[in-house]
Amino acid sequence: MEIRIFETCRQACQAAALVMGAQIVSKPDSILGLATGSTPIPAYQELIRLYQEGIVDFSRVRSFNLDEYVGIPEDHPCSYHRFMRDELFDHVNILKENTHVPSGLSRDLEGDALAYDAAIEAAGGLDIQLLGIGRNGHIGFNEPADVFTPQCHVVELTESTIDANKRFFDSADDVPRRAVSLGVGTIMKAATVLLIATGEDKAEAVRLSVKGEITPRVPASILKAHRHVLFFLDQAAASRL
Ligand code: F6R
């Protein structure tokens with residue numbers, strides 16, 4: 001586990017964009033695992049800048065997102081399909097057919113989730129998986145549980161996650177109760193995992209993930225067992241290390 005602590009959130013995210021950008025420059029047909037949420041937005045802005053300056057070319061990149069809410073349309077302002085278009089895909093030259101986000105609308109959610117894993121496998125696996133972290137230590141929507149779930153699956157969101165994500169919706173009642181998420185097995189198979197954590201409210205989850213034992217009660221703790229994992233933190237998120 002390599003931990004880098006930056007003074008500001010912006011620096012942590014810019015550094016993460018450099019790692020993602022370097023991955024694409026060194027392997028133009030990279031398979032990226034992408035995350036949503038507030039944390040990676042400055043990293044996506046920096047990647048867009050690197051594209052606009054002609055440094056990073058997304059034309060051969062393929063991407064697979066971590067997760068999606070169940071039951072909201074793809075063009076809903078809070079859907080992760082929409083987030084990715086607004087924050088990255090519409091601003092770079094990635095081909096729409098090369099971008100993948102789990103379906104939260106399928107009539108066979110579990111079957112589609114397994115097909116999503118198979119598509120990642122068929123593409124050759126993830127070269128790099130970008131992650132944020134929940135205040136409860138979740139990665140993707142792998143919530144604290146008694147066991148780790150390896151495969152892509154349907155998740156019941158915890159009250160902590162619903163509370164954290166209600167800021168994007170009109171009210172907590174509007175936050176979907178379920179989501180589809182990559183499992184920890186697929187995340188752990190990525191060649192590189194790059195987790196960004198910024199802000200004081202992530203400090204305890206970061207501490208437990210880095211210093212605590214590996215346990216499904218703190219899903220991000222499993223990353224300690226990964227052969228190439230980078231934690232890019234700002235000072236606030238690193239304050240309890
Ligand atoms: C998003 C995701 C989540 C978020 C986490 C942190 O695709 O998988 O694990 O990374 O909930 O969210 P923010 O960045 O909004 O604090």
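**Notes on the ligand site and selected residues**

1. The shell around the ligand is made up of three nonpolar, eight polar and three charged residues. The coordinates belong to a predicted model, and every value below should be read with that in mind.

2. Which residues come nearest to the ligand? Of the 14 residues around the ligand, these are T39, D67, H138, G140 and K202.

3. For T39, an N or O atom of the side chain is 2.4 Å from a ligand oxygen. For D67, the corresponding distance between a side-chain N or O atom and a ligand oxygen is 2.5 Å. For H138, a side-chain N or O atom is 2.7 Å from an oxygen atom of the ligand. The ligand exposes 410 Å² when taken alone, and the protein buries 93% of that.

4. Where does the ligand sit? Its place is the largest pocket.

5. S30 belongs to the loop between α1, which spans 9–26, and β2, which spans 31–34. S30 has a relative accessible area of 0%, so this residue is buried. A polar atom of the S30 side chain lies 2.6 Å from the backbone oxygen of K27.

6. Helix α5 covers residues 159–165 and contains A164. Is A164 buried or exposed? A164 counts as buried because its relative accessibility is 19%, and the cut-off for buried is under 20%. In sequence, A164 and K211 are 47 residues apart; in space, their C-alpha atoms are 24 Å apart.

7. T161 is also placed in helix α5. With a relative accessibility of 2%, T161 counts as buried. T161 and N136 are separated by 25 residues in sequence and by 7.7 Å in space, C-alpha to C-alpha.

8. H81 is part of helix α3, which runs over residues 80–87. The relative accessible area of H81 is 12%, and therefore H81 is buried. How far apart are the C-alpha atoms of H81 and E68? They are separated by 7.5 Å, while the two residues are 13 residues apart along the chain.

9. T8 is located in the loop between β1 (2–6) and α1. Why does T8 count as partly exposed? Its relative accessibility is 33%, and partly exposed refers to values between the buried limit of under 20% and the exposed limit of over 50%. T8 and S181 are 173 residues apart in sequence, and the distance between their C-alpha atoms is 29 Å.

Key: Residues numbered from 1 in each chain as written. Predicted model: local features only at pLDDT ≥ 70, side-chain atom pairs only at ≥ 80, totals over all residues. Heavy atoms only, no water. Near = heavy atom within 4 Å. Polar contact = N/O pair within 3.5 Å; in protein donor to acceptor, adjacent residues only side chain to side chain. Areas by Shrake-Rupley, 256 points an atom, 1.4 Å probe, with all protein chains shown as cover. 1 Å grid on protein atoms, 1.4 Å probe; cavity = no way out; pocket = protein on both sides within 12 Å on 5 of 7 lines; lining within 4 Å. Sits in = over half its atoms within 2 Å of the grid points. Nonpolar A, V, L, I, M, F, W, Y, C, P; charged D, E, K, R; others polar. Helix = DSSP H or I, 4+ residues; strand = E, 2+ residues; numbered from the N terminus. Buried < 20%, exposed > 50% of the residue type's maximum accessible area, 1.4 Å probe, protein only.
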